[in-house]
Amino acid sequence: QVQLVESGGGLVQAGGSLGLSCAASGSIFSSNAMGWYRQAPGKQRELVATITRGGRTNYADSVKGRFTVSRDNTKNTVYLQMSNLKPEDTAVYYCYAEIIARGPASDYWGQGTQVTVSS
C-alpha cells in the first residue's frame, strides 16, 4: 500500500519562509507527476505547483516567483520551499503523487499540513 507522509508547515509571519516535504512509501515501482495543492477555509482545493519526473515544473500564478517545487526521485520525495509568504497563502497544503505500484498509475494524496501566515 502506498502512503504519502507530509512534514513541515506551521505558523509564520508574513514575509517569512517555510518548507514542506512529502515522502511516498510502500511498494512503489515509479512515480510520475508530484506536487502540491492547497485548500483555504471555504474555498476549493487549488493547484499550487507540480513537477514531472524529468523536472518540468508548473506553478499557480499566485505563487510564481515565491514558491519552488523540487523532488528527489531516489527517495520518491517532493518538496515545496515557500518564501515571501502572504496571509492569503494560509491553507491546508496537500501533497499529490501519481504512482505506479502494483498496477496502473494511480493518484495518491497526503493527509494535509496546515500553513498559517500571520499579518
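**Exercise 1. Aromatic pairs**

Task: In this predicted model, determine how many aromatic pairs the whole structure holds, and classify the pair formed by Y37 and Y96.

Solution. 
Step 1. A search of the whole structure returns three aromatic pairs.
Step 2. A pair of aromatic rings is described by the distance of the centres and the angle of the planes.
Step 3. For Y37 and Y96, the ring centres lie 6.0 Å apart and the planes meet at 75°. Planes over 60 degrees apart count as edge-to-face, so the Y37–Y96 pair is edge-to-face.
Step 4. Y37 belongs to strand β4 (residues 30-39) and Y96 to strand β9 (residues 91-100). The two residues are 59 residues apart, and their pair links distant parts of the chain.

**Exercise 2. Extending the pair to a cluster**

Task: Classify the pair of Y96 and W109, and state which residues the ring pairs link into a cluster.

Solution. 
Step 1. The ring centres of Y96 and W109 are 5.3 Å apart, with the planes at 50°. This angle makes the pair tilted.
Step 2. Y96 is in strand β9, whereas W109 is in strand β10 (residues 106-109); the pair therefore ties together parts that are 13 residues apart in sequence.

**Exercise 3. Burial and charge**

Task: Decide whether Y96 is buried or exposed, assign W109 likewise, and locate R45 relative to the rings of Y94 and W109.

Solution. 
Step 1. Y96 has a relative accessible area of 13%. Buried means under 20%, so Y96 is buried. Y37 is also buried.
Step 2. W109 has a relative accessible area of 37%, and is therefore partly exposed.
Step 3. R45 lies over the face of Y94, 3.8 Å from the ring centre. The charged end of R45 also sits over the ring of W109, at 4.8 Å from its centre.

Definitions and conventions:
Residues numbered from 1 in each chain as written. Predicted model: local features only at pLDDT ≥ 70, side-chain atom pairs only at ≥ 80, totals over all residues. Heavy atoms only, no water. Phe/Tyr/Trp six-rings, centres within 6.5 Å; stacked < 30°, edge-to-face > 60°. Helix = DSSP H or I, 4+ residues; strand = E, 2+ residues; numbered from the N terminus. Buried < 20%, exposed > 50% of the residue type's maximum accessible area, 1.4 Å probe, protein only. Lys NZ or Arg CZ within 6 Å of the ring centre and 35° of its normal.
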